[in-house]
Amino acid sequence: MAVIEGTFEESSSLKVGIVIARFNDLITAKLLSGCMDCLSRHGIDVTESSNQIDIAWVPGAFELPIVSQELARKGKYDVLITLGAVIRGDTPHFDVVVAEASKGIASVSRETGLPIIFGVLTTDTMQQALERAGIKNNLGWSYALQALEMGSLMKAVS
């Protein structure tokens with residue numbers, strides 16, 4: 001029986017693309033900070049001159065899939081991370097954006113074979129989003145760990 005797992009120790013050579021929504025940037029910037037901290041602590045070069053990481057800003061979560069698709073098609077990355085924050089309001093807009101962003105990102109990942117981490121917070125309130133982006137913990141760190149594991153795992157199964 002073969003057991004195949006991703007590791008964090010051998011992930012320092014990964015090339016990572018991050019697609020981040022500018023809408024609710026009070027939240028998404030904190031997620032990005034947590035993400036970059038985790039990547040850096042695991043040996044990924046996150047400096048301005050890095051050739052290991054690229055960051056693409058999009059207007060909102062709805063636009064995450066199309067830019068993820070373009071980056072995936074380039075064949076340059078081992079893994080992508082999508083970051084966004086969709087906070088429920090008084091209209092059904094929340095449901096539409098969340099559904100399309102999640103379906104779109106999943107579709108791109110399946111079609112391209114590239115792992116894409118779904119790092120889009122979906123909360124009822126701004127307070128909940130803030131708690132998940134740094135007040136209590138920073139899920140950006142967790143999304144980066146998932147990316148390292150999946151990038152490493154995909155190399156192991158290839």
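**Ground rules**

The model is a predicted one, in which local features need pLDDT of at least 70 and side-chain atom pairs count only at pLDDT 80 or more, while totals for chains, interfaces and linings use all residues. Residues are numbered from 1 along each chain as its sequence is written, and side-chain values use heavy atoms, with hydrogens and water left out.

**Helix α1**

I took helices and strands as DSSP runs (H or I of at least four residues for helices, E of at least two for strands), numbered from the N terminus. I looked up α1 and found 17 residues reaching 24 Å from the first C-alpha to the last, close to the 24 Å expected at 1.5 Å a residue; the expected span is 1.5 Å times one less than the number of residues.

I then asked which residues of α1 are buried. With buried meaning under 20% relative accessible area, exposed over 50% and partly exposed in between (1.4 Å probe, protein chains only), they are Ile27, Thr28, Leu31, Leu32, Gly34, Cys35, Met36, Cys38 and Leu39. They pack against β1, β2, β3, β4, α4 and α5, where contact means heavy atoms within 4.5 Å. Just after α1, I noted that Gly43 takes a positive phi of about 90 degrees.

**Thr28**

Thr28, which has its place in helix α1, counts as buried because its relative accessibility is 0%. Its side chain reaches the backbone oxygen of Ala21 at 2.9 Å; I counted a polar contact as a pair of N or O atoms within 3.5 Å, where within protein one must be able to donate a hydrogen and the other to accept it, and residues adjacent in sequence count only if both atoms are side-chain atoms. Leaving aside neighbours within four places in sequence, I found Thr28 in contact with Ile20, Ala21, Arg22, Phe23, Trp57, Leu83, Gly84 and Ala85.

**Cysteines**

How many disulfides does the whole structure hold? With a disulfide taken as a pair of cysteine sulfur atoms within 2.5 Å, the search finds zero. For Cys35 the closest cysteine sulfur is that of Cys38, and at 7.1 Å it is too far for a bond. Cys35 counts as buried at 0% relative accessibility, and Cys38 is likewise buried, with a relative accessible area of 0%.

**Nonpolar cores**

I defined a nonpolar core as a set of buried Ala, Val, Leu, Ile, Met, Phe, Trp, Tyr and Cys residues joined through side-chain atoms within 4.5 Å. The largest has 26 residues, and Val16, Ile18, Ile27, Leu39, Ile81 and Leu83 have the most contacts inside it. The elements that give two or more residues to this core are β1 (16-21), α1, β3, β4, α4 (126-132) and α5, and α1 gives the most, with seven residues. Apart from this core lies another, of 20 residues, among them Leu71, Leu80, Phe94 and Ala101.

**Helix α5**

For α5 (residues 139-157) I compared the spans: at 1.5 Å a residue its 19 residues should span 27 Å, and the end C-alpha atoms are 27 Å apart, which agrees. Among the buried residues of α5 are Gly140, Tyr143, Ala144, Ala147 and Leu148, and the buried residues pack against α1 (25-41), β3 (79-87) and β4 (116-123). At the start of α5, a side-chain oxygen of Asn138 reaches to within 2.7 Å of the backbone nitrogen of Gly140.

**Salt bridges**

Searching the whole structure, I found eight salt bridges, each a side-chain nitrogen of Lys or Arg within 4 Å of a carboxyl oxygen of Asp or Glu. One of them joins Asp54 and Lys76 (2.8 Å, N to O). Asp54 lies in strand β2 (residues 53-58) and Lys76 in the loop between α2 (64-74) and β3, so the pair ties together parts that are 22 residues apart in sequence. Asp54 is partly exposed at 27% relative accessibility, as is Lys76 with 41%.

Arg88 and Asp124 also meet through their side chains (2.8 Å, N to O). Arg88 lies in the loop between β3 and α3 (93-112) and Asp124 in the loop between β4 and α4, so this pair ties together parts that are 36 residues apart in sequence. I also noted that Arg88, Asp95 and Asp124 are linked in a network of salt bridges.
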